[in-house]
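Colleague: I would like a close look at one part of this model. Please take a single chain and walk me through it.

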Amino acid sequence: MPGLEDLYREIILDHYRAPRNRGELPAPPATRVEGFNPLCGDEVVLYLEVGPDGTVTDVRTAGQGCSISQASTSMMSAAIKGRSVDEARRLIRAFKALMSIHESKLEGGDATAATEEALEGVRLGDLEALQGVVKFPVRIKCATLAWNTLAQGLDEATGA
Amino acid sequence: MALDVAALRAQFPLLARTVHGRRLVYLDSAATAQKPLAVLDAMDRYYRETNANVHRGVYTLAEEATAAFEAGRARTARFIGAADPHELVFTRNATEAINLVARTWGAANLGSGDVVVLTEMEHHANIVPWQMLAAERGIEIRWVPIDGSYRLDLTDLDTLLDGARLFSFTAMSNVLGTTNDVPALAAAARRAGAAVLVDACQSVAHEPTDVSGWDADFVAFSGHKMVGPTGIGGLWGRREVLEAMPPFLGGGEMIRDVRKEGFTTNDVPWKFEAGTPAIAEAVGLGAAVEWLDGVGMAEIAAHEARLTEYALGALADRFGDGITIYGPATAEGRGSAISFLFRDIHAHDISQVLDEDAVCVRAGHHCAKPLMRVLGVPATTRASLAMFNDTDDVDALVAALAKAQAFFAL
Ligand SMILES: Cc1ncc(COP(=O)(O)O)c(C=O)c1O
């Protein structure tokens, strides 16, 4: 049976209690996007500033929700700040791949080729702490909300 | 007489199981009730011994099945205080019952600019069907507000009802627990010339119901909230009102005659029951209300009121300002649903931690988003008590909440 400590790792609780990059940026020039999880009322607002060289120069977050959605938002903001848009997109793919690995695969089984490809060469770092969420299927949406919102925001910021 | 809760509990097979190795503490009866053995047995026996389609067979089995189905209707009608079993239409649930009224009575009686009055404490089931009519036909929806003690604010009721065609309101809020004074609200609607629909989905399971004393036109409820099966619910309607309404779905059973040129409708209630109905479920619902009457609805209400008082006291004593209860502060004029915000911990996190101790509570908007917006919260945690709960269950809730508080240490 998965225990609470699988879900609520210390690093997750730390980001929940002390979220990074909280605040707003004037939009425009920044891009503002909102993500919403109607099931639980989780809400994420992102402010993205993308420089002319395609670097995410600044990011701020607002919104409210459960510890997993808010910690994931905080960890995401720390992970992408200063990275290029391309790197951020690779991180989104890798994170979502992490969230789609079936529970049984966590204990060393084979991931699908697509998942492996998405994860290949990407350093997730602290984000790996969110892997335990997979054992609690109803909470996966809480963890991915920030990342889906980021994908939308990057598309808008780059006019894709 | 006080209920023998241990003996009642023993009649629910599911309550004997454990979750994560612990005694199950089921505090989510407002979402759906657990089922006593009497209901499970009645349905099992029906399938083993009687199953056949109803109303269209001449052979013995089909006659028995029809009799069992209609006995379920008659027994349920008696339970809610209906004078005539034919005033009870079987639906899938309360949601379908309300949609039936919106689609048939609404189609015949509501047009552009006509007013339907709701309250701020309604379930989506008693909001969205009317919003659909607003979008399609331009009806106007007005809302009776709630006050600071989580009861309806009736100050402007007569103004809100002025010119209204329908007043549709809940007898008991599934979020706040608040019970509404149905006869008084119905009387106000009558004075304004409005029809009355009562959403009794919560109240039927927690207090005696007497639709004949309500002066309503329609009453909607769900079997699964009143220890009956899922897939069956009821719409009670005054006979002359039902008779004047156009049919709902078209098909078998709801017709008297069909020719190439058209059809004529069956008598009520079958006019509204197209297709093969939920037969075993009707039998199960009959067994459920028989069981509830055997325990005694007045006794159930008294037990739940005492336990609600205990729970409200225990939560306040232990957590003080750390807990905000959205609902009346005492057991007076309220049911047993207790919605709350605890510290700043999100309802989903609380529910997750409570699950470790096999404490089942609901977290979210409880299908009442307009009410959540009025309360200014995205979600609440809700514990709801039933006849089989006892003070041990409440103590388990309090202990698990203390654990959540320590865990998140905010
Ligand atoms: C007050 C109220 N009305 C209507 C409903 C809808 O019931 P059902 O989903 O069984 O149709 C519920 C169920 O939660 C309820 O509590």
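Modeller: The model is predicted. Confidence first. Chain B averages a pLDDT of 96, and 100% of its residues score at least 70. The model as a whole scores ipTM 0.81 and pTM 0.92.

Now the build. Chain B holds 14 helices and 17 strands. Its C-alpha atoms fill a box of roughly 70 × 55 × 35 Å along the principal axes.

Next, the inside. Of the 410 residues in chain B, 58% count as buried. Look also at contacts between residues at least 6 apart in sequence. In chain B, 70% of these join residues at least 24 apart.

The accessible surface of chain B comes to about 15800 Å². Carbon and sulfur atoms account for 52% of that surface. Chain B carries 35 positive and 52 negative side chains. The centres of these two sets lie 4 Å apart.

Last, chain A. This chain has seven helices and three strands. Buried residues make up 49% of its 160 residues. A compact globule with 160 residues would have a radius of gyration near 15 Å; chain A has 15 Å, which agrees. The accessible surface of chain A is about 7500 Å², with 48% belonging to carbon and sulfur atoms.

Methods
Residues are numbered from 1 along each chain as its sequence is written. Chains are lettered from A and ligands numbered from 1 in the order in which they are written. This is a predicted model: local features need pLDDT of at least 70, side-chain atom pairs count only at pLDDT 80 or more; totals for chains, interfaces and linings use all residues. Side-chain values use heavy atoms; hydrogens and water are left out. Helices (H or I, at least four residues) and strands (E, at least two) are DSSP runs, numbered from the N terminus. Buried means under 20% relative accessible area, exposed over 50%, partly exposed in between (1.4 Å probe, protein chains only). Contact means heavy atoms within 4.5 Å. Accessible areas come from the Shrake-Rupley method with a 1.4 Å probe; for residues, only the protein chains shown count as cover. Lys and Arg count as positive and Asp and Glu as negative; His and the chain ends are not counted. The place of a charge is taken as NZ of Lys, CZ of Arg, CG of Asp or CD of Glu. pLDDT is the predictor's confidence in each residue, from 0 to 100. The radius of gyration is taken over C-alpha atoms; the globule rule is 2.2 Å times the number of residues to the power 0.38.
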